[in-house]
Amino acid sequence: MTLPNPRFEESYARIFGHGISMDESADDFFRTFYDRFLEDPDIAVLFAETDLSRQVAMLKKSLFTLVSYYVLGEPTAELDRLAMVHKRLGIAPEAFDVWMQALIDTAQEYDDQFDEATCLAWCWALAPGIAYMRLMLGKRGSAEVSDADPA
Ligand code: HEM
């Protein structure tokens, strides 16, 4: 997948290595992300029963789903499925801002060359997918796809 956003691609490579797949070393990044995200008690309560190792594995996969939307310009079945899962969970739209901020703060911590332009590059790559998931929270019907198969 070629990204029209070299600063994001370079930062992503500094953090996760080259290529879209990530090895176990990326788990550390996502654990730090969850520590940050769950600092908000209203959010932490939603994850009280969650197996965070499993959640880390799923999030590793779904970061690719968000970036795919930015690259392809249309939602994949997996993005629709994720949107539906979060709609059913009754997630507040504002929580997506907290999610994105926690991810960007974590990228800043793990990328030693992170600067303002890199920050904007991350926003540019992630914002479409996050906006899509937010928008689908309020939609009736259009995200009603099967979430039985986690692709
Ligand atoms: C665009 C941002 C987000 C992404 C990519 C994402 C990704 C995921 C993924 C992959 C799962 C596992 C569900 C599955 O695959 O079937 C999940 C579950 C979940 N997400 Fe998100 N999420 C996002 C935003 C949020 C936000 C803002 C909240 C608000 C608190 C949230 C709360 C949850 C909860 C409570 C679960 C269920 C955990 C469990 O199964 O115990 N997510 N999310």
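What follows is a chat about a predicted model of a protein chain with a ligand.

Reader: Before we dig in, what should I know about the numbering and the model?
Author: Residues are numbered from 1 along each chain as its sequence is written. The model is predicted, so to speak, with rules attached: local features need pLDDT of at least 70, side-chain atom pairs count only at pLDDT 80 or more, and totals for chains, interfaces and linings use all residues.

Reader: Okay, how many helices and strands does the protein chain have?
Author: The protein chain has 7 helices and 0 strands. Helices (H or I, at least four residues) and strands (E, at least two) are DSSP runs, numbered from the N terminus. From that end on, the order reads α-α-α-α-α-α-α.

Reader: And what share of the residues is buried?
Author: Buried residues are 23% of the 151 in the protein chain. A residue is buried if 20 or more other C-beta atoms lie within 10 Å of its own, exposed if 12 or fewer, and partly exposed in between, with C-beta atoms placed from the backbone.

Reader: What about contacts, how many join residues at least 24 apart?
Author: Among contacts between residues at least 6 apart in sequence, 76% do. Two residues are in contact if their C-beta atoms, placed from the backbone, lie within 7 Å.

Reader: Switching to the ligand: which residues come nearest?
Author: Thr50, Met58, Ser62, Ala95 and Trp99, out of 21 residues around the ligand. A residue is near a molecule if its C-beta atom, placed from the backbone, lies within 6 Å of it.

Reader: Which helix gives the most to that shell around the ligand?
Author: H4 does, with 5 residues. Helix H4 (52-72), helix H5 (77-89), helix H6 (95-110) and helix H7 (116-137) each supply at least two residues of the shell.

Reader: How does the shell split by class?
Author: The shell has 16 nonpolar, 4 polar and 1 charged residues. Ala, Val, Leu, Ile, Met, Phe, Trp, Tyr, Cys and Pro count as nonpolar, Asp, Glu, Lys and Arg as charged, and the others, Gly among them, as polar.

Reader: Tell me more about H4. What span should its residues give?
Author: At 1.5 Å a residue, the 21 residues of H4 should span 30 Å, and the end C-alpha atoms are 30 Å apart, which agrees. The expected span is 1.5 Å times one less than the number of residues. The buried residues of H4 include Leu59, Leu63 and Tyr69, and the buried residues of H4 pack against H2, H5 and H7. Just after H4, glycine 73 has a positive phi of about 80 degrees.

Reader: And H5, what covers its buried residues?
Author: The cover includes H4 and H7. Among the buried residues of H5 are Glu78, Asp80 and Arg81. Just after H5, glycine 90 takes a positive phi of about 70 degrees.

Reader: Where does H7 bend?
Author: At leucine 126, by about 40 degrees, and proline 128 follows within four residues. The bend at a residue is the angle between axes fitted to the seven residues ending there and the seven starting there. H7 has 22 residues and reaches 30 Å from its first C-alpha to its last, close to the 32 Å expected. Its buried residues, including Trp122, Ala125 and Leu126, pack against H1, H4, H5 and H6.

Reader: How many residues are in the largest nonpolar core?
Author: There are 25, and Phe33, Leu103, Trp122 and Ala125 have the most contacts inside this core. Helix H1 (6-16), helix H2 (26-37), H4, H5, H6 and H7 give two or more residues each. A nonpolar core is a set of buried Ala, Val, Leu, Ile, Met, Phe, Trp, Tyr and Cys residues joined through C-beta atoms within 7 Å. In soluble globular proteins, nonpolar side chains tend to be buried together.

Reader: What does tryptophan 122 touch?
Author: Phe8, Ser11, Ile104 and Ala107, not counting residues up to four places away in sequence. Isoleucine 104 is in helix H6, and its C-alpha atom is separated from that of tryptophan 122 by 7.0 Å.

Reader: Last one: is phenylalanine 114 buried or exposed, and why?
Author: Phenylalanine 114 is buried, because 20 other C-beta atoms lie within 10 Å. This residue sits in the loop between H6 and H7.
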